[in-house]
Amino acid sequence: MNYYVDASARTEGNGTQERPFQTIQAAAELARPGDTVLVQPGVYREQVNPRHGGTENARIVYRSVEPLGAHITGAERLDRWVRCEGNVWTARVPNGLFGGCNPFTTLVAGDWYIAACKAHTGEVYLNEKSLYEVTALEAVKNPVPSENSWDKAFSVYTWYTEQDDARNETVLYANFQGRDPNAENVEISVRRSCFYPQAEGKGYITLSGFKVSQAATQWAPPTAYQEGMVGPHWSRGWMIEDCEIYESKCSGISLGKCLQPGNDNKWLKWKYKDGTQTERDCICQASYEGWDKAHVGAHTVRRCNIHDCGQTGIVGHLGGVFSVIEENHIHHINNKQNLAGAEIGGIKMHAAIDVVIRKNHIHHCTRGIWLDWQEQGTRVTGNLFHEN
C-alpha cells in the first residue's frame, strides 16, 4: 500500500494520493511491512518516529518523490528579532516550544567529551548554516575570529543564550554581521532527532532521497545511548540512501547503540572502572540483554552527502555490525572545533564487526575514519581521503 504526504496540502487528508497527509508522522503511524510512504517536496518540521518496522522480504520505504525535494528538519523559523545595538539582535522563545527537552538549557556532555568546551545542544542558523555559540554576551557584541575554526571568516557570526525564568522563556542574542535576521532564513534547533524510532527493534526501513538537517543531538560515545539525527535505534536491516544529511549538532547518522539503564555515560558519572573497561562492559551487557545477529545490524548507508556535523558523520557501537557503508560523500565534520573529545570523525565506530567501508569520499574532517576497538573482520577499501 502507498501512503502520500504533502506539506502543502490545505487540509489533513487520509493518506491517499487525492487527500495526502500533511506530515510524515501521520503516515509513520500507519505504515506496515510492504508499504511505501511517498513524500512530496516541501519542508517537514517534525521528528519522525516510525511506529512499525518492516521485514527482510517486505520493507517499509520512505521515499522523497523528488530527490532531495522533501526536507525533514529539526529546526523552526524565528523571525521575531529585535535589534539591540549595531549588528546584535535579540529574540525570545517560549520554552513550551521545546517540549520536554530544551536544547538551549541542555549542555553537550558525555564520556570522552572535553567538558572545557562548553556548548548547548541547540544552535542558531543563518540560511541553514550554524552560527558560533559564545559563553558571554560581550563576545556577541564584539566577536573575535575563532583561532580553532576551519572557517574563521564565518566564526564572527556568534550567538549567546540565557533563561528568563520569570517568563519561562529562552532569550537569544546573535550577531548577524549587518544582515537583517527578519529578512533572512533564521532558524533555531528544536528537536533532538529528525528520523529516528523511539522504540528499539523497528527494522527493515528504507529512507531514500531526503534532505535531513538541524537536530539538537547529544554527544554520542560508545558507552552512552548513541543518538543521531537519523538512525535505526538498535534494529536490523535499515537502508539510508541518496540523502543529504547535515548540520546535526553532534552526529548525522547513528548506527548504534541502545540505551542501557545503569550504564549510560557511567565512566563520566562514576568512574568505577577505566574507560576501556567500561566500554567492554557495554558489549557484555548487550550480549546478556539479548543482542544477536538476527536482530541488530546489517544496515546499508550509501550514496549520501553527509556534511557539517559537529561530532561525526556516521557513529556506531555494536549496532552497526555487519553493515555496508559505501559511495558516500562525507566532509566538513567538526570544522567549527567547538566540540572536542575522543569520539570525532567522518566515521567513528566501535565494534564495527564484519563491516565493509568502501568507495567513500572523505575530506575536510578533523579525522577521516576512526575505527576503535573490536573491529575484527572490518574491510576498508577503495576510499578517497584528503585534507583531514
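Modeller: Let's start with a term: a charge sits over a ring if NZ of Lys or CZ of Arg is within 6 Å of the ring centre and within 35 degrees of the ring normal. Bear in mind that this is a predicted model, where local features need pLDDT of at least 70, side-chain atom pairs count only at pLDDT 80 or more, and totals for chains, interfaces and linings use all residues. Residues are numbered from 1 along each chain as its sequence is written, and side-chain values use heavy atoms, with hydrogens and water left out.

Biologist: What makes you say the charged end of K348 sits over the ring of W370?

Modeller: The charged end of K348 is 3.8 Å from the centre of that W370 ring, and the limit is within 6 Å. K293 does likewise over the ring of F322, at 4.7 Å from its centre.

Biologist: Why is the aromatic pair of W270 and Y272 called stacked?

Modeller: Rings of Phe, Tyr and Trp (its six-membered ring) pair if their centres lie within 6.5 Å; planes under 30 degrees apart count as stacked, over 60 as edge-to-face and the rest as tilted. W270 and Y272 are 6.1 Å centre to centre with 10° between the planes, so they pass as a stacked pair.

Biologist: Why does Y272 count as exposed, and what about W270?

Modeller: Buried means under 20% relative accessible area, exposed over 50%, partly exposed in between (1.4 Å probe, protein chains only). Y272 has 63%, so it's exposed; W270 has 41%, so it's partly exposed.

Biologist: And how do you know whether N102 is buried or exposed?

Modeller: N102 comes in at 10%, so it counts as buried.
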